Amino acid sequence: MSGFGGFLLRRAVGTVITLLAISVIVYVVFYVTPGDVAQITCGPRCSPEQVRQVAAQLHLGDPLYVRYWHFLQGLFAGQDFSTGTSVEHCAAPCLGQSYQTGQQVLDIILGKLPVSLSLVLGAMVLWLALGVGTGVLSAWRRGRVSERVLTAITLAGTATPVFVIGLVLMIVVCGELQLLPFPQYVAFTDDPEQWAWNLLLPWLSLALIEAATFARLTRAAMLETLAEDHVRTFRAYGVGERAIVGRHALRGAFAPVIALNANNVGSAVGGAVLTETLFGLPGIGQELVHAVKVVDLPVVVGMVLVIAFFVVLANAVADVLYAVADRRVVLA
Amino acid sequence: MSLVEVTDLTVGFGSLRAVDGLSFDLDKGAALALVGESGSGKSTVAGALLGLHRGTGARVGGTVRVAGTDVQEATEQELRRLRGAKAAMVFQDPLSSLDPYYAIGDQIAEVYRVHTRASRRAARARAVEVLDRVGIPDAARRARSRPHEFSGGMRQRALIAMALACEPDLLIADEPTTALDVTVQAQILDLLHTLRTETGMGLLLVTHDVGVAAESVDEVLVMRHGRAVEHGPVGTVLAAPREPYTRELLDAVPRVDARRTGSPATDEIVLEATGLRREFGRGKRAFAAVDDVSLTVRRGETLGVVGESGSGKTTLGRMLVGLLEPTAGGIRYAGEPHTGVNPAVQMVFQDPVSSLNPRRSVGESIADPLRARGERGEGAEERIRARVTELLERVGLEGAHHDRYPHEFSGGQRQRIGIARALAADPRVIVCDEPVSALDVTTQAQVVALLGELQRELGLALVFIAHDLAVVRQVSDRLAVMRRGRLVEYGPADEVYDSPREAYTRQLLAAVPALDPELAARRRAARGEPAAA
Amino acid sequence: MTESPLAVEAAGTGIPVPAAPGARRFWRRLRAQRAALVAAAVVALLVLVALAAPLLTALEGQDPTTYHPSLIDSARGGVPVGPLGGVGAEHWLGVEPQTGRDLFARLVYGARVSLGVALAATVIQVVIGVVVGVAAALGSQWVDQLLSRLTDIIVAMPLMIMSLALLAVVPANFPRPVLVTLVIGLIAWGSIAKIVRAQTLSMKGLDYVSAARLSGWGTWRIARRELLPGLAAPVITYAALLVPMNISVEAALSFLGVGVKPPTPSWGQMLTSADVWYQAAPQYLLLPAGALFVTVLALTVLGDGVRTALDPRAASRLRVGTGREDRNAREDAGTKEATA
């Protein structure tokens with residue numbers, strides 16, 4: 001088992017390095033832009049006095065690596081913000097504060113996080129179940145009419161942008177048919193039933209396109225496995241088609257599905273931004289779009305860091321799961 | 001009633017007739033080998049016995065009866081009852097033939113449960129029992145291992161165990177030892193022999209290797225282009241073949257006792273390696289693929305290098321031509337220290353498919369060394385073209401093949417093109433890395449003969465790297481035996497073959513299949529003794 | 001001896017360089033797929049529409065940016081006047097709610113933006129991906145470590161989020177379509193670099209590359225003659241997948257209001273407020289949504305077709321579901337599988 005422990009350690013170190021590198025890139029991209037960084041950071045409605053404070057806060061007079069060091073220090077050790085009249089302490093992990101609203105970025109994010117997590121995790125359950133199920137079905141029915149129909153549906157699914165599906169669902173289900181009211185977020189802790197009903201359409205809009213991708217991948221991976229020599233062995237030993245598809249081919253599709261799920265967390269987060277905006281769900285995505293529109297830089301940077309953190313973490317978890325699913329990876 | 005009755009079997013794929021009117025019988029407890037070169041249709045026959053061509057679009061005609069089941073007429077269910085239970089198959093590549101994701105014991109248990117309705121626990125116990133039967137040490141523990149945790153030989157044993165699980169009447173072995181080293185091959189063939197005598201099951205062996213057939217069966221059926229060429233008792237067919245093709249095939253088989261004749265060897269040393277060492281990996285995983293190897297190559301001679309997989313022979317070859325930098329030690333060319341590639345030291349590669357760029361015409365590939373040397377100026381193109389044409393003709397191809405692409409050539413022809421490309425650099429040494437191991441025996445003999453001719457004509461020094469001891473014997477003046485990166489024996493070829501000093505060399509030589517069934521039986525008995533003790 | 005009809009003169013060298021033998025086969029295989037052919041026709045039509053946008057709008061007598069206040073009913077919140085959202089001889093597909101801009105003109109000019117941004121971004125991604133991938137595969141271990149780590153990081157960065165965020169900091173006077181192109185192109189090259197690196201590494205180990213080294217050629221020449229042509233198939237296959245993906249991303253960014261901004265039209269941007277107007281002017285929702293769907297679908301189907309044509313072995317394996325025919329075909333070719 002020491003091989004597996006070593007693998008976990010290497011993976012953990014790699015994850016930390018990746019996160020640090022992302023923080024460098026994010027810092028450079030956002031705080032070393034051409035133009036008056038302090039003015040941009042502070043926002044268009046800042047007074048010259050406030051801009052000077054922000055410039056001091058960002059250590060703009062110092063060399064780049066010192067500035068980054070202060071940024072990092074702020075992240076891990078917390079820092080103080082002076083707003084002219086009072087000094088506010090921002091405890092670690094500190095993502096800074098919005099100069100436009102005076103709120104701490106972490107508080108903003110934590111407030112919005114349950115909505116986004118509800119959306120993404122619920123949709124993930126849906127797309128894995130729908131996608132893998134459809135993929136298994138079409139591999140099982142390969143060469144028949146039902147497979148062709150499934151293939152056509154999944155192809156159309158991959159070609160429909162999230163916001164188009166969402167728009168259509170909303171207009172048809174809530175508008176024309178009036179089967180559901182227009183979604184309004186209800187916290188799980190308040191009313192679990194209403195929480196689920198209100199998230200049903202957002203889940204569907206986000207999950208359908210991902211499900212289609214998963215269906216295609218599952219089908220391809222299973223057919224790939226079905227073409228392999230070991231499947232021929234079990235055929236030559238009288239093992240029935242059901243066991244071959246359900247046991248051997250499906251097992252072969254595990255690892256690729258896990259890998260794709262990790263890859264798609266990034267694109268799903270993008271999809272979540274669209275879904276939140278479309279359905280007016282008060283999540284991180286909607287807040288990010290808002291912050292981008294009003295150029296509230298600290299909020300944008302904080303959110304990018306938090307989202308990248310989650311995506312990198314998801315990738316690392318998927319890597320470990322992949323290694324569990326296919327032990328040969330550890331030896332490589 | 002015979003165990004297997006094949007009457008007028010034809011199998012067609014598209015416009016190709018892989019098997020064409022083949023008939024044969026196999027009695028209970030008897031052993032028959034289908035012997036043939038690639039494209040002879042022998043593996044297709046093996047598949048047809050279990051009805052494996054169903055649903056693949058192949059057209060199958062004639063009748064096939066196996067253990068009382070008419071394979072053509074049988075329902076899907078009857079066919080499944082035949083497969084594995086009455087007739088079981090062992091495949092060529094044991095790694096890809098097992099599911100990488102499940103424990104070996106579970107895979108055997110799965111097959112057993114399909115045919116017996118045994119409980120999970122009983123099936124697991126049966127799996128351990130058969131694994132133990134085929135000589136897997138500590139079978140109860142190893143049954144929980146996955147295929148990649150087994151060595152090649154152990155995997156083939158596991159596959160044989162799976163075949164034994166339901167006590168079939170017939171074992172079909174499709175090239176069961178082709179992917180294995182020669183010493184492991186001998187063990188697997190011995191195992192098959194023992195199992196056959198103990199269980200009384202019939203054996204149908206499919207092989208390209210006449211020696212493997214001589215070791216294992218009572219009867220052979222020689223196939224060519226999907227038809228039977230000759231069929232009879234193994235001793236008769238191998239000792240006194242009636243058909244010209246059988247004779248041709250047997251003549252082409254390299255013999256381990258055939259000395260090299262007419263060697264143009266000299267005493268002039270062209271290439272000298274001292275203390276070569278090459279490590280791969282770093283830290284705890286580092287290992288030396290080649291460790292402290294020193295040897296010399298003289299003008300006009302052939303130095304044979306033999307070893308099993310993992311012996312480091314390919315790594316050594318790549319260092320000799322400068323494709324790999326040694327970790328320690330050095331190479332002297334014509335007395336001068338040399339690093340990196342050197343036009344005078346060329347290589348012929350093993351795989352005729354990957355050794356030529358599929359996107360460039362063969363003429364362009366051969367012209368590479370000429371162009372790299374800087375052939376320019378007035379009439380350069382004409383000179384290059386003339387030289388390439390000359391080289392193509394020299395290796396037995398036509399000058400008009402210049403503009404063709406690799407996929408238009410057979411494996412043997414591609415190997416000739418590879419030789420022409422090596423010659424284009426006007427080398428003094430050619431390192432041949434398994435130059436004939438991917439070829440059929442008749443093609444093998446032709447390519448070996450071509451190399452010999454070129455050597456005499458051009459005074460070339462050859463380093464001939466191979467796993468096949470018989471091929472190496474034919475061509476070598478001196479021999480180096482490698483094991484785990486080290487040179488275990490190094491000396492004149494005849495001395496090494498006739499009176500090996502090292503136990504490992506003796507073991508290697510004893511494992512080479514003999515073409516004489518009686519000699520094979522005696523050798524098997526000799527191999528069995530120390531193992532039984 | 002006859003010269004191959006596909007032979008072309010390589011510029012400057014005077015050496016006849018035959019076109020890859022696979023090129024003709026590729027077209028034959030692509031033509032054999034009906035779905036791919038239809039998709040190719042649709043894509044060709046879309047490209048034509050995009051190129052001829054000024055011509056088409058001139059034919060209609062409209063342009064995409066002129067407001068027509070007379071055509072909207074400001075009393076009812078900006079709904080287009082007339083039946084079907086103002087469809088008529090003047091405005092073939094009606095006008096946009098609130099502004100009264102011509103819908104047909106905006107739609108065809110939108111095709112320009114969608115396709116232009118997606119194609120240009122794909123070119124950027126492919127160029128960066130190939131350069132980084134090849135450099136990682138051929139460079140020293142140190143270079144490989146650095147570039148591979150960078151690629152991993154790029155892959156880990158969520159495209160949409162980074163694009164969104166980047167669009168916030170760039171000055172507003174920067175031309176938006178160019179900006180969107182650059183952002184998408186510079187962020188999403190990770191997977192293609194990974195594919196190129198893996199393919200180059202596996203080709204580097206092939207014997208014919210070793211043979212070229214033994215011929216005495218240098219790294220650059222080997223990369224150009226032996227490696228790059230082999231990269232064509234996987235790069236084309238992947239690029240064909242990137243184009244529809246980029247179209248979706250551009251549409252999404254514009255939909256969120258941070259991509260291409262008015263007055264420049266874009267399909268995604270048109271959908272931003274479409275849900276409000278779907279009862280009064282359904283085509284304002286349906287047309288851009290349909291255009292997006294058809295474009296992405298056609299490009300995806302075409303991409304699948306290209307992959308099938310480039311790697312028919314994998315494709316046929318997927319169709320037949322058994323490897324046996326393949327094996328027999330290999331046996332016919334007279335090459336026994338390597339044994340050592």
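Mentor: Happy to. pLDDT is the predictor's confidence in each residue, from 0 to 100. This is a predicted model, in which local features need pLDDT of at least 70, side-chain atom pairs count only at pLDDT 80 or more, and totals for chains, interfaces and linings use all residues. Residues are numbered from 1 along each chain as its sequence is written, while chains are lettered from A and ligands numbered from 1 in the order in which they are written.

Trainee: OK, what pLDDT does chain A average?

Mentor: The average for chain A is 83, and 94% of the residues score at least 70.

Trainee: And where in chain A is confidence lowest?

Mentor: In helix α13 (residues 328-331) of chain A, with a mean of 58, whereas α9(A) is highest at 91. Helices here are DSSP runs (H or I, at least four residues), strands are runs of E (at least two), and both are numbered from the N terminus. Where pLDDT is low, the predicted coordinates should not be read in detail.

Trainee: How many residues of chain A are in contact with chain C?

Mentor: 47 residues of chain A are in contact with 40 residues of chain C; contact means that the C-beta atoms, placed from the backbone, lie within 7 Å. The largest share of chain A's side, eight residues, comes from α12(A). That side of chain A divides into 32 nonpolar, nine polar and six charged residues. In those classes, Ala, Val, Leu, Ile, Met, Phe, Trp, Tyr, Cys and Pro are nonpolar, Asp, Glu, Lys and Arg are charged, and the others, Gly among them, are polar.

Trainee: Switching to chain B, how many helices and strands are there?

Mentor: Chain B has 19 helices and 20 strands. Its radius of gyration is 25 Å, close to the 24 Å that the globule rule gives for 533 residues, so chain B is as compact as a globular protein of that length. The radius is taken over C-alpha atoms, and the rule is 2.2 Å times the number of residues to the power 0.38.

Trainee: What share of chain B is buried?

Mentor: Buried residues make up 53% of the 533. Buried means 20 or more other C-beta atoms within 10 Å of a residue's own, exposed means 12 or fewer, and partly exposed is in between, with C-beta atoms placed from the backbone.

Trainee: Is helix α6(B) mostly covered or mostly open?

Mentor: Mostly covered, with twelve of its 13 residues buried. The cover includes β6 (87-90), α3 (104-116), α4 (120-133), β7 (170-174) and α7 (182-199) of chain B.

Trainee: What about domains in chain B?

Mentor: The assignment, which is automatic or from a database, gives domain 1 (1-86 + 169-256), domain 2 (96-167), domain 3 (264-344 + 428-435 + 462-511) and domain 4 (353-426). The centres of domains 1 and 2 of chain B are 25 Å apart, taken over C-alpha atoms. Twelve residues of domain 1 are in contact with 14 of domain 2 in chain B. On the domain 1 side, α7(B) gives the most, with six residues.

Trainee: Last one: where is G491(B)?

Mentor: G491(B) is in strand β20 (residues 486-492) of chain B. It counts as partly exposed because it has 14 C-beta neighbours inside 10 Å. Leaving aside neighbours within four places in sequence, G491(B) is in contact with R478(B), L479(B) and V496(B).

Key: Contact = placed C-beta atoms within 7 Å.
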